[in-house]
Structures are given as structure tokens and as C-alpha cells.
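Here is a note for a colleague who is meeting this structure for the first time. Please read it with the sequence and the model side by side.

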Amino acid sequence: MAQSVGIKDVARAAGVSVGTVSNVINRPESVASETRARVLSVIDRLGYVRSESARQLRAGRSRIMGLLVLDMGNPFFVDVARGAERAARNAGLGVMVCNSAQSAAEEAEYLALFAEQRVRGVLLTPADATGRNIETFRRHGIPFVLVDRVAEGTTECSVSVDDVAGGALAVRHLLDAGHRFIAYVSGPPGLNQVRDRRTGALNALAEAGLGPEALRELPTERLDVAAGRDAGARLLGLAHRPTAVFCANDLLALGVLQAMFAAGVSVPDDLAIVGYDDIEFAAAAAVPLTSVRQPAVTMGALAAELLLEETEAEAAESTARPHEHRRVVLQPELVVRNSSLSAR
């Protein structure tokens, strides 16, 4: 087995001290250009990579930020990760991306892993509706920011979208097209996002003088295409079928669209469909999908910046300007496409 190259090997080959090699890596401006060039040449020739774990032990700080999301199979969270990674990279940090798969148990395991690794901080979209996982993680003293979820207290930052407003946007659009009986394919009822979007839908119905009976909810266990196909099959089996469907995310909407296509139901003539998130696949669907757009990349970047701000404030131990936890709420936008354009 090949032995790894250490900093002493580099120093020996370059004819300098270990301290000089360390300065070349960490404070290159403090080393003469000729010496710096010689050391860098040896580093490249030997393939030396510094030990991050050793550096972390000396510095007492990690250069890794954790990101734990509900479903990395959902392009929305891929975009969140892109935004977070961009902000972290600009600050010289890396991102460890983990997927809870909407499971509270898996979320707990990953949060324990983050604590063991002593990451700089964590960006978290919670899967555990009880909040117990967050409370357990809080004991480790590692900063975290909630993503796609509004912080209920003042002990952490959060970046989210106004999902009540988003749900209202979707249903107002369907009401304006003449629909008066609408299905809501909602996803797991324990998720705040699902509940808030339903609240917005009911608000829009109330504005139009319609009661909650005008919204037929079809809950699903997951927020993926397969769950959407299952909801579409249930929708087709209803004796009194809604004329429009609002889905809690685009993957569910694409699944419903597939179920309608397989059954010969015309979209939007027989059934209008509106999704949520405006992922890239929405515009590329067989029938381009109307969707409520969330600024996912911006959400990820802002969350990472808030986390970096908090960790830098802690490192400086500044009492003059302590970190203030903030709740950033972004506004959604309705993107209208063919899937909902047939007026009744």
C-alpha cells in the first residue's frame, strides 16, 4: 500500500523547514517568491494534500458546512444546494450534502453525523414534524439555519418562501379560469409547506365566496412522481371529479399528468393542473406545466450567507455586534403555461 506524503516529506525534498512549507500553504505572501515556487513545485511533484482533520484540530474550526434536505431526487433541492454551495465556496468552505428522504429517523442519523464531524454549521429542511431532532441537535452548540421552513422562535435563522401566498396564487389562477371544484394533491400532512399551501388555497376559495368543500384534498405519503401517479388514479376514480388540480410540488403534478395521459384525459381541456416549485422539468413536460416558482438558488445562497455570518460572529466573539437571528421570507411567482390555460 502506498504511503501518503506528509509535510515533512515536502520540506525534505524542497530543502526548507516544515514551517516554511506551512507558510507557503497558509500564508504564501510571507515567503520569498523563489522559495515559494520551489516548494509548490515539490508539492505538485509529490502529490501532497494537506490533512484537513489535522488542520481542523489546530484551528478548532471546520471548513465544511452541512446541508440536509428532504429529497435530493427533487430538482428544487438540487437548486437549493447549488445556491448554498456557491456561497460556501466563495467563503472557502465545502458543503456536505445529505438526504433525509423525508424520514425523521434518517434525519436524526445525519444530524448526529454532523455533530460528530463538528461541521461549521448546518442548513436544514426538517423532516421531523415534532421538532425533537432539532432540539437534540441544538445541544451540540452547532449553528444551523432552517431552509424552506420559517423559524418559529428567535434561536435560529430561516429562509423560506411565503407558501400561504403561493397556494393562494395557484388557486386564484384556477378560479379565474372558471374552476369551482379543485383537488389539492397535498403530500405528507406533517410538512409545514404542505399545510401552508393548503391554507393559501382555502384563503383564495374564501375570497371567491366558496367554502372548504370546494377543495378536495388527496394526501400522499411522499412528494414524488410515483405518488402523483397514485393520486391521479384516485382522482380518476372519484364519482364527482374536480375540474382542476393544484399539487404541492411539481413532481406530484408531473405524476398526475402522466396518469391523465395514460387514461386519455385531456390536459387542460378535461383537467387543469398547477404545480409548485417551477423545476426545470415543468416547462419541458408533454404539456408544459403551470407552476408557482420558488427562488431555490437564492434561498440556498441566502441561507448559507446567514450561517456564515453567524459562525463568523461566534469566532470573533464580538459583544459589540452580536449575531441577530433573522427570518427571511421570499415571495413566490406564478408561471402560467399550457397545463391550465383552457378556460371553462
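This is a predicted model: local features need pLDDT of at least 70, side-chain atom pairs count only at pLDDT 80 or more; totals for chains, interfaces and linings use all residues.

1. Residues are numbered from 1 along each chain as its sequence is written, and side-chain values use heavy atoms, with hydrogens and water left out.

2. The structure holds 4 aromatic pairs (rings of Phe, Tyr and Trp, the last by its six-membered ring, with centres within 6.5 Å; planes under 30 degrees apart count as stacked, over 60 as edge-to-face and the rest as tilted). One of them joins Phe76 and Phe77, whose ring centres are 4.9 Å apart with the planes at 70°, so this pair is edge-to-face. Phe76 and Phe77 are both buried (under 20% relative accessible area, where exposed means over 50% and partly exposed lies in between, with a 1.4 Å probe and protein chains only).

3. The rings of Phe246 and Tyr276 have centres 6.3 Å apart and planes at 45°, so they form a tilted pair. Because Phe246 belongs to strand S8 (residues 244-247) and Tyr276 to strand S9 (residues 272-277), the pair ties together parts that are 30 residues apart in sequence (strands are DSSP runs of E with at least two residues, helices runs of H or I with at least four, numbered from the N terminus). Both residues are buried, and ring pairs link Tyr184 with Phe246 and Tyr276 into a cluster. Arg197 lies over the face of Tyr276, 3.8 Å from the ring centre (the criterion is NZ of Lys or CZ of Arg within 6 Å of the centre and within 35 degrees of the ring normal).

4. How many disulfides does the structure hold? The number is 0, where a disulfide is a pair of cysteine sulfur atoms within 2.5 Å. Cys98 is buried, with a relative accessible area of 7%, and Cys157 is buried at 0%.

5. Helix H7 (residues 132-138) gives the most to the lining of the largest pocket, with 3 residues (on a 1 Å grid over the protein atoms alone, a pocket is an open set of points where a 1.4 Å probe fits, with protein on both sides within 12 Å along at least five of seven lines, and lining residues have an atom within 4 Å of a point).

6. Ala286 lies in the loop between helix H12 (280-283) and strand S10 (290-293), and counts as exposed at 77% relative accessibility.
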